[in-house]
Amino acid sequence: MTELAAVKAALRTQAVETPSWAYGNSGTRFKVFAQAGVPRDPFEKLDDAGKVHEFTGVAPTVALHIPWDRVDDYAALAAHAADRGVRIGAVNSNTFQDDDYRLGSICHPDAAVRRKAVDHLLECVGIMDATGSRDLKLWFADGTNYPGQDDIRSRQDRLAEGLAEVYERLGDGQRMLLEYKLFEPAFYTTDVPDWGTAYAHCLKLGEKAKVVVDTGHHAPGTNIEFIVASLLREGKLGGFDFNSRFYADDDLMVGAADPFQLFRIMYEVVRGGGFSSDVAFMLDQCHNIEGKIPAIIRSVMNVQEATAKALLVDAEALAAAQADGDVLEANAVLMDAYNTDVRPLLREVRGEMGLDPEPMKAYRACGWAEKVVAERVGGQQAGWGA
């Protein structure tokens with residue numbers, strides 16, 4: 001197989017998981033902006049997700065968020081997904097939208113609140129069983145706002161205890177993915193603030209526990225690709241939540257703020273074997289003012305472009321320049337790949353997959369947007385509320 005053929009083959013196997021919540025209404029902490037044609041339930045979200053996969057060919061799974069996507073029959077939901085050509089991906093828990101969680105959830109000083117939070121996580125594992133999901137994705141808003149508000153070490157003990165109980169409930173082939181976030185909504189301490197804290201807990205839990213890197217959850221200037229390389233080296237990178245940020249956790253479209261950073265991250269993924277392993281490439285975005293489905297299609301394409309450029313890096317030339325200590329040549333090898341226009345290559349790949357080479361144009365021409373605006377009238381639109 002030629003080098004170009006190998007790149008194409010790798011691109012054809014790429015999978016980007018889309019988030020159910022990105023198909024619903026969202027906004028800022030001040031206002032949620034409604035759009036015509038937005039899904040009213042998880043089944044309609046899967047209808048839209050099926051369209052994204054239909055035109056991109058690389059978005060075969062959809063992440064759920066509980067309770068936003070709670071239904072009476074999860075087997076029926078999984079069957080509906082299959083009918084739309086997709087599958088249920090990660091199940092995301094929610095322990096941050098209940099009054100009981102004002103002082104935290106799994107780390108709360110009250111044992112009754114901690115029990116409630118853990119029971120919810122166990123419910124999510126049950127949903128994984130019913131839908132065939134592999135991954136339980138955990139993000140905790142837990143933390144404190146003031147020095148002395150709670151005991152920092154005790155909160156870590158509570159976290160470890162709760163995670164251990166949920167970990168033991170996981171079945172064969174299921175994983176726990178632990179996400180971290182520098183700050184917000186807690187502003188003094190956050191209980192899982194960085195990759196080191198997440199890694200330490202996952203290391204103690206065992207092989208089924210891995211770390212999620214959300215690209216918007218870091219301090220300005222953080223070298224995210226170093227974190228990716230380190231977690232891959234330790235076999236503890238479970239997945240990504242792809243998005244972009246300008247100031248803090250903006251949840252904007254991946255590749256919008258710094259496409260060069262996305263390329264650098266994807267290079268480390270390719271270099272570390274993550275592209276051909278079980279690393280989950282997930283979107284975690286809120287499309288507040290742009291159209292939902294077009295924004296998700298564009299995001300998938302952005303990930304594809306960064307991946308294609310990363311696959312085009314001349315590994316032998318780079319290794320030789322690094323071994324020679326040729327700083328400028330090593331940098332030039334990376335920059336040559338990054339500066340390559342990979343859009344023609346991706347159009348070829350889509351054509352070979354039986355897809356329209358231009359997903360955005362194909363979607364706009366298919367009439368789906370007009371169809372759902374006409375049909376999705378009445379009822380309560382899906383959204384996370386504010």
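This is a predicted model: local features need pLDDT of at least 70, side-chain atom pairs count only at pLDDT 80 or more; totals for chains, interfaces and linings use all residues.
**Entry 1**

**Entry 2**

I wrote down two of the partners: Val62 is bridged to Ile88 in β5, and Thr61 is bridged to Arg87 in β5. I also saw that β5 is mostly covered, with five of its six residues buried.

The whole sheet is open and has eight strands with parallel pairing, in the order β1-β4-β5-β6-β8-β10-β11-β12. Which strands stand at the edges? They are β1 (18–19) and β12 (280–283), each with a single partner strand, so one side of each has no neighbour in the sheet.

I reminded myself that in a regular strand the side chains alternate between the two faces of the sheet. I then checked β12, where both faces are covered: Ala280 and Met282 are buried on one side, and Phe281 and Leu283 are buried on the other. Strand β11 (residues 237–242) runs parallel to β12 and is joined to it by four bridges, with Phe240 standing opposite Phe281 in β12. Ring pairs also link Phe240, Phe242, Phe275 and Phe281 into a cluster.

**Entry 3: salt bridges**

I turned to charged side chains and found that the structure holds 31 salt bridges. One of them joins Glu348 and Lys8, whose closest N and O atoms are 2.7 Å apart. Glu348 lies in helix α12 (residues 343–352) and Lys8 in helix α1 (residues 3–13), so the pair ties together parts that are 340 residues apart in sequence. Is each of the two partners buried or exposed, or does it fall in between? Glu348 is partly exposed, with a relative accessible area of 41%, whereas Lys8 is buried, at 12%.

Arg12 and Glu352 also meet in a salt bridge, at 3.0 Å from N to O, and this pair links helix α1, which holds Arg12, to helix α12, which holds Glu352, across 340 residues. I noted that Arg12 is partly exposed at 35% relative accessible area, and that Glu352 is partly exposed at 46%.

**Entry 4: charges over rings, and a patch**

I looked for charged side chains over ring faces and wrote down two cases. Arg264 lies over the face of Phe260, at 4.8 Å from the ring centre, and Lys309 lies over the face of Tyr338, at 4.5 Å from the ring centre.

Last, I looked at the surface, where Leu182, Phe183 and Phe187 form a nonpolar patch with about 290 Å² of accessible area together. Leu182 lies in the loop between β8 (175–179) and β9 (189–190), and Leu182 is partly exposed, with a relative accessible area of 38%.

Terms used: Residues are numbered from 1 along each chain as its sequence is written. Side-chain values use heavy atoms; hydrogens and water are left out. Rings of Phe, Tyr and Trp (its six-membered ring) pair if their centres lie within 6.5 Å; planes under 30 degrees apart count as stacked, over 60 as edge-to-face and the rest as tilted. A charge sits over a ring if NZ of Lys or CZ of Arg is within 6 Å of the ring centre and within 35 degrees of the ring normal. Patches are made of residues with over 30% relative accessible area and no salt bridge: like charges are joined within 9 Å, nonpolar side chains (Val, Leu, Ile, Met, Phe, Trp, Tyr) within 5 Å. Accessible areas come from the Shrake-Rupley method with a 1.4 Å probe; for residues, only the protein chains shown count as cover. A salt bridge is a side-chain nitrogen of Lys or Arg within 4 Å of a carboxyl oxygen of Asp or Glu. Buried means under 20% relative accessible area, exposed over 50%, partly exposed in between (1.4 Å probe, protein chains only). Two strands pair if DSSP finds at least two bridges between them.
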